[in-house]
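Here's a quick briefing to read alongside the model. Have the sequence and the 3D view open as you go through the points.

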Amino acid sequence: MEAAYREAARQLAQQKRCVVLSGAGISAESGIPTFRSKGGLWEKYDPAVYASIEVFRKDPSKYWQIRGDFIRDYNRYQPNAAHRALVELEQAGIVRQIITQNIDGLHRKAGSRQVIEIHGSLREITCLQCGKQYLAPNVPDGTPPHCDCGGVLKPNTVLFGESLPPQALDSASREAQTCKTMLVIGTSAVVYPAAALPSLAKQHGARIIEVNIERAFPDADVVILEKATVAMTRLLEEIRTFIV
Ligand code: APR
């Protein structure tokens with residue numbers, strides 16, 4: 001693993017302007033369950049029932065059943081060392097953009113400024129009837145909660161069956177096509193279109209560095225099989241040896 005850290009650090013320090021693609025694995029050590037790895041959310045709840053727009057329109061209580069507690073406890077969840085390492089790498093000019101599939105808001109909470117939340121965020125909630133905006137954790141009680149106007153509230157996240165925010169997807173694709181290095185952290189890379197971004201980057205000449213506890217992206221050039229907090233802390237130390 002020594003060589004992988006050295007090679008990844010050299011690549012990141014020399015190429016600079018890296019684009020990060022993060023998934024649920026980067027937030028696992030902040031106490032937020034992933035979806036598909038051991039003990040993941042989709043082991044307990046069928047996403048076709050609990051996270052699809054078709055069901056939400058008929059019965060919004062299902063999605064609120066799995067997301068209400070997180071939203072009302074929003075301030076309790078804190079970024080971890082992996083999120084903080086990315087803030088430092090952004091400030092050092094090494095990371096130019098984070099594209100996250102996560103809806104937990106932890107990259108922004110950590111202080112990252114260039115963040116594309118490609119699946120939206122649980123931070124903002126909208127009334128489907130009058131458009132009034134609510135901010136987590138301040139939403140009315142109830143599963144689902146209702147707006148003062150009586151309308152149903154929906155978090156600004158992308159449910160299965162919904163298209164991604166076009167602007168976010170365009171920016172993410174542009175970043176993937178123009179980066180020299182893509183650092184892929186904690187994603188199973190199975191949900192499209194986000195999962196296509198590493199291949200898109202590779203097709204445009206980027207080198208792919210994967211940080212995960214198990215292999216997920218077969219075409220990675222450098223693989224660090226380690227928990228995100230350990231890997232990113234170690235990678236930061238290695239990169240410092242390249243920065244004069
Ligand atoms: N450190 C690094 N990687 C980890 C850790 C950890 N501590 N814990 C788990 N992982 C890895 C797992 O090995 C797995 O590859 O994180 C990945 C989590 O995969 P998923 O649970 O599928 O999450 P993600 O890839 O983000 O899912 C993509 O699917 O359901 C949708 O919208 C949802 O954004 C989500 C999308």
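Where the two domains meet, 15 residues of domain 1 are in contact with 13 residues of domain 2, contact meaning heavy atoms within 4.5 Å. Keep in mind that this is a predicted model, where local features need pLDDT of at least 70, side-chain atom pairs count only at pLDDT 80 or more, and totals for chains, interfaces and linings use all residues. Residues are numbered from 1 along each chain as its sequence is written, and side-chain values use heavy atoms, with hydrogens and water left out.

**Domains and their interface**

- Domain 1 takes in 1-32 + 79-119 + 164-244, and domain 2 takes in 33-76 + 122-157; the bounds come from an automatic or database domain assignment.
- The C-alpha centres of the two domains are 27 Å apart.
- Together, domain 1 and domain 2 bury about 1100 Å², with 59% of it on carbon and sulfur atoms; buried area is the accessible area (1.4 Å probe) that two parts lose on being put together, summed over both.
- Of the area that domain 1 buries against domain 2, 47% comes from Ile32, Ile103 and Lys109, more than from any other three residues.

**Salt bridge across the domains**

- There is one salt bridge between domain 1 and domain 2, a term for a side-chain nitrogen of Lys or Arg within 4 Å of a carboxyl oxygen of Asp or Glu.
- Glu117 and Arg123 pair up through their side chains in a salt bridge, at 2.7 Å from N to O.

**Ligand site**

- Phe35, Arg36, Thr187, Ser188 and Asn212 come nearest of the 22 residues around the ligand, where a residue counts if one of its heavy atoms lies within 4 Å.
- The side chain of Arg36 has an N or O atom 2.7 Å from a ligand oxygen.
- For Thr187, a side-chain N or O atom is likewise 2.7 Å from an oxygen atom of the ligand.
- Gly186 uses its backbone instead, with an N or O atom 3.3 Å from a ligand oxygen.
- The protein covers 95% of the 730 Å² of accessible area that the ligand has on its own, as given by the Shrake-Rupley method with a 1.4 Å probe.

How values were computed:
A polar contact is a pair of N or O atoms within 3.5 Å; within protein, one must be able to donate a hydrogen and the other to accept it, and residues adjacent in sequence count only if both atoms are side-chain atoms.
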